[in-house]
Amino acid sequence: MSFRVELPPTFAQRLADQRSAGQPSVGAGPAGLGSAEPGRADSRATASQATGGRALVGMWVTSGSLVNTEIAAGSGLDWILIDGEHAPLSLADIQSQLQVVAAYPATPVVRVPANDVVLIKQYLDLGAQNLLVPMVHTPEDAQAAVRATRYPPQGVRGVGSALARGARWNRVANYLQRANDELVSLIVQIESAQAVDNAEEIAATDGVDAIFIGPSDLAASMGLIGQQGHPDVVANVQRAIAAARKAGKPVGINAFDPTLANRYIDEGIDFILVGADVAILARQSEALADTYIYARQGQAGGEVPDSY
């Protein structure tokens, strides 16, 4: 077959570009298109170059709305997190979300519902190149996630590339040979006190491209549910960041609170999520009600809920 499709750079590649001042890949066309002209970088690679070493900034899309996802993908943010853990998304929904994002420079990362070999296989086959695996508490959990994303002999991923969007139905040249090391990236989520204790070993696991810290579940595991900004939680976050740095792996975090988000960015976090489509809609619709109903009636606005 003379026509081939090239997949966009993975999130791991974008992080590597960010760390090296963002030299773009050349000749990689957007998903679903043929290769770019020789010597011409595609829009996603150019987006990597534009970060210039700063944190990659993104947001969640959890509403299930393709319109919301497209708006977020075209916003100028670096990446989009499509959530399969807490959002009401089926496998078909995830695939549709990825197809929408493919037209824009933002890199999509997909969080799977669980560290499960069958689910991970299905998410990879439907076209998720960049996976975030939640609730990774031990090095063994990290190793299991790596094996699930890799074809044999490095892993246990089932072979179905001819049937799957992930390989563009075998239009990606040598997909089976390239997938393990080049076309898939894996981020594991550290979100418990146990995981923080094991963070250095988790981050050092071969095949883990980056770690992502979830302060909400971390706080809950410490008996401080809803207190992501508590000094003890922040101290454990800093421990996890230091462990990732020691292992030489990029590290990201979720921080909806602007003060915390800016603090982590100023301290050199590699990637960060700073909002969600549903949270933006909830808070802004409440602000409209406060401004045009309650304030006009002389009533104070409601208390703003804690961030995720």
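Why does Asp 277 count as buried? In this predicted model, Asp 277 counts as buried because its relative accessibility is 9%, and buried means under 20% relative accessible area.

**View 1. Asp 277 and its surroundings.** Asp 277 belongs to helix α13, which covers residues 277–294. Once its neighbours within four places in sequence are set aside, Asp 277 is in contact with Met 59, Trp 60, Val 61, Thr 62, Ser 63 and Asn 68. One of these partners, Val 61, is 216 residues apart from Asp 277 in sequence, although the two C-alpha atoms are 5.3 Å apart in space.

**View 2. The largest nonpolar core and a second, separate one.** Among the 64 residues of the largest nonpolar core, Ile 82, Tyr 175 and Tyr 264 touch the most other members. Helix α11 (residues 231–247) supplies the largest share of this core, with 7 residues. A second core, separate and made of 16 residues, includes Trp 60, Leu 81, Phe 256 and Leu 273.

**View 3. The contacts of Ile 82.** Leaving out its neighbours within four places in sequence, Ile 82 is in contact with a set of residues that includes Val 61, Leu 89, Ile 94, Gln 97, Leu 98 and Val 101. Pro 108, Val 109, Val 110 and Arg 111 are also in contact with Ile 82.

**View 4. Helix α3 against helix α4.** The axes of α3 (residues 66–73) and α4 (residues 91–101) come within 9 Å and cross at roughly 35 degrees, and the crossing is right-handed. Leu 66, Thr 69, Glu 70 and Ala 73 of α3 meet Ser 96, Gln 97, Val 100 and Val 101 of α4. Sorted by class, this contact has 4 nonpolar, 3 polar and 1 charged residues.

How values were computed
Residues numbered from 1 in each chain as written. Predicted model: local features only at pLDDT ≥ 70, side-chain atom pairs only at ≥ 80, totals over all residues. Heavy atoms only, no water. Helix = DSSP H or I, 4+ residues; strand = E, 2+ residues; numbered from the N terminus. Buried < 20%, exposed > 50% of the residue type's maximum accessible area, 1.4 Å probe, protein only. Contact = heavy atoms within 4.5 Å. Core = buried A, V, L, I, M, F, W, Y, C linked by side-chain atoms within 4.5 Å. Axes fitted to C-alpha atoms, helices over the stretch in contact; angles between N-to-C directions. Left-handed = near helix turned anticlockwise from the far one by under 90°. Nonpolar A, V, L, I, M, F, W, Y, C, P; charged D, E, K, R; others polar.
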